[in-house]
Amino acid sequence: MGDAIARLRKLVEAARSMQAASDPDELCDVVVRWARAVFDLDNCAVLLFEPDGETLRIRAAHGYEPNVVESWRGGRGKGLTGRAVEEGKLVVVGDVTADPSYVEGVSGARSELAAPLLVEGKPIGVLDLESGRAGAFGDLDLALFSSFADQSAAALHNALLRVEAEGKRREAERTAFEMTALVAAGRKLASVLDPERLLIEILGVVRETMRVPRCAVLLVDETTRELVLRKAVGYGVPEGLRIPMGKGVTGEVASTGRPARVGDVSRDGRYIAGVQGGRSEMAVPVRLDSQVVGVLDVEALDPNAFDDSDERLLAALADQVAAALHNANLTGRVGRRAQRLALLSRAGRVIATVLDPDAVLYRILELASEALGFQRCALLLKDPFGADLLVRAALGYGDVVGKRIPSGQGICGTVFRSGTAEVVADVTKDDRYVRGLVGGRTEMAAPLRLDGTIIGVLDAESPQVAAFDADDLDLFSGFASHAAVAIQNAGLHDELERRTAELDRRAHRLAILHKAGQAMATALDPDVVLHEVLKLAGTALAFSRCAVLLLDREKGDLVVRASVGYGDIQGKRIALEGTNSGEVVRDGKGLLIGDVTTDQRYVQGSSGARCEMIAPMKVRGETIGTLDAESPVQGAYDQDDLELLEVFAAHAAASIHNARMFQKVEDANTALRANIKEMERLNRELEQYARQIARANDALERQVRQLLALHRAGQTITSSLDLDTTLQHILAMTRDIIDTSSSTIKLLDVETKELRVRASSGESKQGELMVDVPLRVGDRTIGVFELAKGKAFGEEEHRMLETLASQASIAIENARLFDETQRTYYDTLRSLAGALEARDAYTQGHSERVAKLSMRIAEKLGLPEEDRKEIYSAALLHDIGKIGVRDEVLLKPGRLTPEEMAIIRGHPIFGDAILGPLKFLGKVTGMVKHHHERWDGKGYPDGLKGEDIPLASRIVAIADSFDALTSDRPYRDRKTLGETLRIVEEETGRQFDPQVVKALFGVLGETKSGGDEIAEPS
């Protein structure tokens, strides 16, 4: 009873302590501490629901591992704590090891007690106890624990309510602050109408309202569709930086129109570094009439520096920024319109004073640019000879003057035909647009109207979309009216001036024409004359397009020899038949064509020509060419102009004729002088060449003699493979080629590494010069060549000695290798033959006897020594293929079976395979392969017949058979000589070659009569 009372007192003290705690986390620690004190357990935990109302998390605990406290998450129905929440009542388990729903919280726990923390019947968490003893909780524990859980739930509920109330209070205070700040920001921004100053104020308002040290204003460039950094504070990038739509955080905000907040920019691939060390960023769009016109961007050095409230506040500021920007733009437009009206009025007065027709056009454009702020504008007038529009003046368009636009085509053509001014906000979406400006987006055109008649169009373009509005169009149309009047006044004044000038021009041209004739007569160079003709035609006759065509009598046409204003027509040919120029040549009279577009005989000379004059150039009544003039104006020339051109052409013809005659004389004199100089030069060169050829012939003759000597030496040296013979040849050829008193060849002994004298010739005398020439094969020295001579060796002799030594080295090495090959060759033959005969005692000495007999037969047949040696080798190795035959077959004493016979008959092919890789045996392998062929073609392995069988094989075949018949075999005794000869005679013409049999009988006859024994070749 005493223990129960003590625990109840602790329960009361715990209630007081819990009421004193106001912070939820602090209260959870208090609950755990008193639970341990009341129930005398170290393992206790308080679990509360997360804001989602589903997830349980440990808020305070004792006796639990720290990683368990940090990572453990529970829920309704999960484990004993989840069951307590789900059932809404106390859960006690005496032995958790027997309960499958138990989720381990404390290592070694045996019993657990969990009570839901209920507030008005709804759980807000769980109070959990665990013990290392099974059945650790009794009825008193359950009663006290239930009461303790209710007290804890009430205290935690009150603490959470206080926290929620505090949060709402702070939220209200923040909202009040934001509303106050937004009102103040709106007033400040509304009072600024200058766009540049407004951007600075925007930064100040954002910094003050958002309490951030770093912010930026980015506006959309409508032309390039890029974000441009207009103003920034605290950023490390320059103002004017362009960011493509969709790139980076700000580019994405501008593209999508949605705010963006990045808690840690170092982990966001979109981030474009703006602030050194920046960690978090927030950007919101600036909208005007639902269109994104810019972005407000702020950054902080701390991660996760911005929350939802910050985003809402920055978005509200962005709305005020959009309104302020719109007001500033409207104010600017009103001011600009008033300024433009004043400038337009002044411009109208100015252009009215310009009376030059060409100057007035560009003056109109200059004033339009100045008054209306257009950097690209053009003036188009109606073609006086057609319905097209011609670009007469342009600023900012490039080289477009003279360009034609048909009436009704393009925006200018439409305005010209309709008479109504028009502005197109985006020309890329208008099919009528004719490109004038690279990258042009907005075009505005107004008609030039005069007394109800439209004489042209005034046009302006901009690279920005919607750059011109209705106000601009009104001002532009008014300016066009002033411009039309100015053009008319300048035209009338020009007409008066032109008529006055025409009279003065005619008088002046007649005076200049006389001077021109005198000037042309003084020129004597034909090209200079042609240049002067065109130059004077321009100055004296005022022809901007003039050409000189001369007659080519061989080809029967005219050739353009010089021109000005026609473009690149130099060398162009014009036929005489069916052309105006041909008619002038044929008739000798000038021709005037008022409109060349209606003349089928017209040959185009210059682009856009409409009027043409052609005058004949005659000398003593003979036409030598024509003088042609063209104008882009229809009817530009009259009969007076033609008469003037004919007189000028006569002067030009005389000048060209005189220049030609003078040029011919000058060319003849020049050619004569050049021929004389050339003959003198050729004579000097011939003398020099003769001396050079004589020297070259002498040197060539010496070189030929030396080369022939070296060639003969090389042939002689390499003609023998005998080493001693080769050395003697080398010494003899050296004496013939170079006059030496003595020569010695020393070769390096391979074993002792000493030089030994192998050959010498002559004797050296006292005081003679000695020369040692090394004998080399590749990088290896095989000897030395010592020579003595009474006088010094020349450079050519040294070169010949080196060449001779090189040839000698190769010849000596070849002779050495040949000796070694021969020795190896015979050793190989004997080893192979010995290996074969070692297998069978009955065939001991068989190959040697066959070889000796075969060589004697070859001698009898008169074969050369080289062939006899090959036959000896073939006979010695003819049965080498039997090495591959098994002993039980090869040494079988009885008759062979067909299968065994087939194996025996394969030995020629096997022998050929064995000897094939031994290249030094030459044709021996073929001889071995066919030594069992028969004269009648019934042999093996290839069934060759008659002389198709190699002669050597036929010789070996009969020698092999003869020795086999006269030798003992396991399966029979030897035959007598008489029996053998009878068998051979019977097989002559069937198995054996008759001529070879005859030679065999001759050899046997010599042996029988005491002739030489059959010997092997040396």
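Student: Which residue in β24 is the bridge partner of leucine 550?

Tutor: Glycine 625 is the bridge partner of leucine 550. Keep in mind that this is a predicted model.

Student: What makes β19 and β24 a pair?

Tutor: The cut-off is at least two bridges between the strands. Strand β19, residues 546–552, and strand β24, residues 622–631, have 5 bridges. They therefore count as paired, and the sense is antiparallel.

Student: Where do these two strands sit in the sheet order?

Tutor: The order is β21-β20-β19-β24-β23-β22, in an open sheet of 6 strands with antiparallel pairing.

Student: Why are β21 and β22 called edge strands?

Tutor: β21 (573–575) and β22 (591–593) each pair on one side only. From one strand to the next, the twist averages 25°.

Student: What packs on this sheet?

Tutor: Helix α13, residues 580–587, packs on it. The helix touches β19, β20, β21, β22, β23 and β24. Its direction makes about 30° with that of β23.

Student: How do you know that cysteine 546 is buried or exposed?

Tutor: Buried means under 20% relative accessible area. Cysteine 546 has 0%, so it is buried. Cysteine 377, at 1%, is buried as well.

Student: How many disulfides are found in the whole structure?

Tutor: The search finds 0 disulfides. A disulfide would need two cysteine sulfur atoms within 2.5 Å.

Student: How many aromatic pairs does the search find?

Tutor: It finds 1 aromatic pair in the whole structure. The rings belong to phenylalanine 39 and phenylalanine 148.

Student: Why do those rings count as a pair, and what is the geometry called?

Tutor: Take the distance first. Centres must lie within 6.5 Å, and here they are 6.2 Å apart. Now the angle. Planes over 60 degrees apart count as edge-to-face. These planes are at 80°, so the pair is edge-to-face.

Student: What does the pair tie together?

Tutor: Phenylalanine 39 lies in helix α2 and phenylalanine 148 in helix α5, so the pair ties together parts 109 residues apart in sequence.

Student: How do you know whether these two phenylalanines are buried or exposed?

Tutor: Set each value against the limit of under 20%. Phenylalanine 39 has a relative accessible area of 7%, so it is buried. Phenylalanine 148 has 0%, so it is buried too.

Student: Which residues have the most contacts inside the largest nonpolar core?

Tutor: They are Val46, Leu117, Leu127, Leu129 and Phe148, in a core of 34 residues. The elements giving two or more residues are α1, α2, β1, β5, β6 and α5. Helix α2 gives the most, with 9 residues. A second, separate core has 31 residues, including Met855, Ile880, Val928 and Val997.

Student: What makes threonine 980 buried?

Tutor: Its relative accessibility is 0%, under the 20% limit, so threonine 980 counts as buried. The residue is in helix α24, residues 977–987.

Student: What does threonine 980 touch?

Tutor: Leaving out residues up to four places away in sequence, threonine 980 touches Phe962, Leu965, Thr966 and Lys975.

Student: How many helices and strands does the chain have, and how much of it counts as buried?

Tutor: The chain has 25 helices and 28 strands. Of its 1018 residues, 42% count as buried. Among contacts with a separation of 6 or more, 56% come from residues 24 or more positions apart.

Technical notes: Residues are numbered from 1 along each chain as its sequence is written. This is a predicted model: local features need pLDDT of at least 70, side-chain atom pairs count only at pLDDT 80 or more; totals for chains, interfaces and linings use all residues. Side-chain values use heavy atoms; hydrogens and water are left out. Helices (H or I, at least four residues) and strands (E, at least two) are DSSP runs, numbered from the N terminus. Axes are lines fitted to C-alpha atoms, for helices over the stretch in contact, and angles run from 0 to 180 degrees between N-to-C directions. Contact means heavy atoms within 4.5 Å. A nonpolar core is a set of buried Ala, Val, Leu, Ile, Met, Phe, Trp, Tyr and Cys residues joined through side-chain atoms within 4.5 Å. Buried means under 20% relative accessible area, exposed over 50%, partly exposed in between (1.4 Å probe, protein chains only). Rings of Phe, Tyr and Trp (its six-membered ring) pair if their centres lie within 6.5 Å; planes under 30 degrees apart count as stacked, over 60 as edge-to-face and the rest as tilted.
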